[in-house]
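Student: I'd like to learn how to read a structure like this one. Could we go through it feature by feature?

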Amino acid sequence: MLSDWTYALQDWRTYLSAAELTFNLSLAAFALALALGLLGALARGSSHAVLRAPAACYVEVIRNTPVLLQMFVAFFALPSAGVHLSPVQAGVVALGVNVGAYLTEIFRAGIQAVPRGQREAARVLALGPARTFVHVVLPQALRNVYPAVVNQLVQIILGSSLLSAISVPELTGTATVINSQNLLTVEDFGIAAVLYLVMTNLVSLAAALIARLAFKPPLRTRVRPRTLNPLRRLVPARREA
Amino acid sequence: MNWSTIWSNHGLFTSGLEGTVELAATAVVTGTVVGLLVAAVRTSRVPVLAQLGRLYLEVFRGTPLLVQMLFIYFGAAYQGISNITVYEAALIALTLYEGAYMAEIFRAGIEAVPRGQWEASRVLGLGPVQTFTTVILPQTRTIVLPPLVGQYLSLIKDTSIAVVIGYVELMRQGQAVIDRTSDPVAPYLTVAALYFIICFPLSLAVRRMERKAAPA
Amino acid sequence: MNVRRSRQALALCVGILAVSLLAACSSHGTSANTVQSSTLQKVIRGGTLNIASCLSFAPFGEVDSSGKAEGYDVDVATAMATALGVKVHVIDTTSADRIPNLLTGKVDAVVCNFTITSQRATQIAFSNPYVVAGETLLSKKSAGSTSLAQLSGKTVAVTKGSTDGAAVQTVNPQVKIQQYDTSAAAVLAVKQGQADAMVEDSNFLAYQAKLDPTLQVTNTSVVPLEYNGIGVRAGDPTWLQWINTWLLDFNTSGKNKSLYEKWFGIAPAFPVNPSY
């Protein structure tokens, strides 16, 4: 058994470079999703129906169709319209557009949860609508939605596994190819699973640290129940909803 | 875009829909059961079980569903556990994966029920299982139902992932139509429309439940 | 009282888990196959032959508009079942699934363009060849004539779990390889211009080029000829010798040749048995 693991681990360089690609494209997709989410939330909350309707359409269509289908459309169907995206580009676009719809709803809820009094106070202080949004509403909205937003980054990392179907050489696809050669399924997918766990936990940890440092007063998410391992108290609670 | 070929292949789309609905319906039931069990285990006072529950949640929420499906399907093959069909592998993976998310939803609901309810039930002589099913669980309904149905919605969409291990459902049949017609746009649009038709009512229902649950 | 009962329940659960784990471990591994326990007897007695074919790999295997399996490999499987006097039951599989399907006993044989390689033979057994292929290159006609050597830095689509990826790497390591789950997806990638070319079985690609006039296929094989056989579980000599005996009849009677011509439209390009 141990020899199976050492045999499978010979490909560790391939796994690590695939994990690196996974992580990089997840970050790129997350950046796109954040931009789309903010724009979408603004559009949905706007007073102009010509902005509200397309945004609502975007959110409903994306959230009611599978992300794998969206990836296939981005890679296989767009060329019929003249848009040729490489596998990685198509993956970033598909994941970004998909999570952007969820972030639209998350940001919208967060913005709505900021008390109206804040906006009224800003108007009294003669801050224009743009400055009100950027300096008063947005920071408080971000506080509200921070755990949910971090969770969406985790979902992007996990969702990138589906990009193997459009030939992106990311972690899951690489594990499948290696598995079809050495036939050590438990070891190959076990290594991939461990790498995913490491990535998602690192993201949660980094996010919790950023929350402690960047938000004033420090943002604490829900307190963990008491555990057997006292060291766990040092790790902040993570990944809500 | 050739819509007549879509219509002439409508049998394929129908059989795909059946595959999707069958897998989704079964996984909803099994996933909910697993979620309830794990939530009950996590809120019980036995530390070993609670830690095991936490481990299960960490692993199944921290790894992708596709990896779990591939692991179960190919892993069962190479370890000699015979007779796991594609359907069974997809079902087990979906159950465990969605069950993990549902367990957290149930746990949030269970923990929101005041401790006094547990104590009062014990005073009345009800055993732990009876307390859980007849006293605690019904009171979690308003908190649990909206995210739970939202999770069912995700489950229906996640059945499309089984196409990678070869399960015949809507996505796979869409690909079969593309093989025959070599135009990807119309089949993908049809598949998207079919998923939308199934999912949109559910998503409206979730929205309505959320509004009812949050009076303000 | 409650604590003791839940501790007892916990102990019972752990006990059941341990016993079932032990049972599962000890049942690992197959028993010796005598003639009586051979797959051959099981198939004849059960009246059904379970075959795995690749149904997204026209014309070896595809699905017609009512969802029924059809194709060259499906017809070979049907001929095998007829010779046994049983019904055939065709299960769809992808390239990567062929070996797992055999190892778990889900199917009795795999008839799916299965190239005979010594690496695969460490896990399963192959019959004698029934169809021969080279590996050729499919590309769009608008790309002009091209060969693997000219594709440095360009993308070539291959199928996961097949022999193509390794073959391409050997011939031209400068090529960028895209791995797809099914051959149909790889063909779609070439058609949509997402991959510059595709390497796959010569029979399959010749058929695809016939179907779609915008595609062209090269004539020369990228690698030495590949001989495809019927895959079966290892350690079952009775079943294997029956299949080989049946194949001899299938090949010499001309039935194989006529089936090939029916599905591919041309006579088989290479002789089924290698000469060297």
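Tutor: Let's start with a pair of strands: β6(C) and strand β12 (residues 226-233) of chain C pair in the antiparallel sense over 7 bridges. Strands here are DSSP runs of E with at least two residues, helices are runs of H or I with at least four residues, and both are numbered from the N terminus. Two strands pair if DSSP finds at least two bridges between them. This is a predicted model, where local features need pLDDT of at least 70, side-chain atom pairs count only at pLDDT 80 or more, and totals for chains, interfaces and linings use all residues. Residues are numbered from 1 along each chain as its sequence is written, while chains are lettered from A and ligands numbered from 1 in the order in which they are written.

Student: Which residue in β12(C) stands opposite C:Phe126?

Tutor: Strands of a sheet pair through backbone hydrogen bonds, either parallel or antiparallel. In this pair, C:Phe126 faces C:Gly231.

Student: Is strand β6 of chain C mostly covered or mostly open?

Tutor: Covered, mostly: 7 of the 10 residues in β6 (residues 124-133) of chain C are buried. A residue is buried if 20 or more other C-beta atoms lie within 10 Å of its own, exposed if 12 or fewer, and partly exposed in between, with C-beta atoms placed from the backbone. Across chain C, buried residues make up 45% of the 276 residues.

Student: What is the strand order in the sheet that holds β6 of chain C?

Tutor: The order is β4-β1-β5-β12-β6 (chain C), an open sheet of 5 strands with mixed pairing. β4 (87-92) and β6 of chain C are the edges, each with a single partner strand, so one side of each has no neighbour in the sheet. On average, neighbouring strands are turned by 25° against each other, direction ignored. Axes for such angles are lines fitted to C-alpha atoms, for helices over the stretch in contact, and angles run from 0 to 180 degrees between N-to-C directions.

Student: How do strands β1 and β4 of chain C run?

Tutor: Parallel: 6 bridges join β1 (residues 48-53) of chain C to β4(C). One position to look at is C:Thr48, opposite C:Lys87 in β4(C). Helix α3 (residues 72-84) of chain C packs on this sheet, touching β1, β4, β5 (109-115) and β6 of chain C, and its direction makes about 165° with that of β1(C).

Student: What is the order in the sheet with β9 of chain C?

Tutor: That open sheet of 5 strands reads β9-β8-β10-β7-β11 (chain C), with mixed pairing. β9 (176-180) and β11 (215-217) of chain C are its edge strands, each pairing on one side only. Its neighbouring strands are turned by 30° on average, direction ignored. Strand β8 (residues 155-159) of chain C runs parallel to β9(C), with 5 bridges between them, and C:Thr155 has C:Lys176 as its bridge partner.

Student: Which domains does chain C have?

Tutor: Bounds like these come from an automatic or database domain assignment. For chain C it gives domain 1 (39-131 + 228-264) and domain 2 (135-217). Their C-alpha centres lie 26 Å apart. Where they meet, 13 residues of domain 1 are in contact with 14 residues of domain 2 of chain C; contact means C-beta atoms, placed from the backbone, within 7 Å.

Student: How many residues do chains B and A put into their contact?

Tutor: Chain B gives 27 residues, in contact with 31 residues of chain A. The largest share of chain B's side, 9 residues, comes from α10(B). By class, that side has 20 nonpolar, 6 polar and 1 charged residues. Ala, Val, Leu, Ile, Met, Phe, Trp, Tyr, Cys and Pro count as nonpolar, Asp, Glu, Lys and Arg as charged, and the others, Gly among them, as polar.

Student: And which residues touch the most other members of the largest nonpolar core?

Tutor: In soluble globular proteins, nonpolar side chains tend to be buried together. A nonpolar core is a set of buried Ala, Val, Leu, Ile, Met, Phe, Trp, Tyr and Cys residues joined through C-beta atoms within 7 Å. Here the largest core has 198 residues, and A:Met71, B:Met69 and B:Ala90 touch the most other members. Helix α5 (residues 86-112) of chain B brings the largest share, 15 residues. Leaving aside neighbours within four places in sequence, B:Met69 has contacts including B:Ala90 and B:Ile161.

Conventions:
Two residues are in contact if their C-beta atoms, placed from the backbone, lie within 7 Å.
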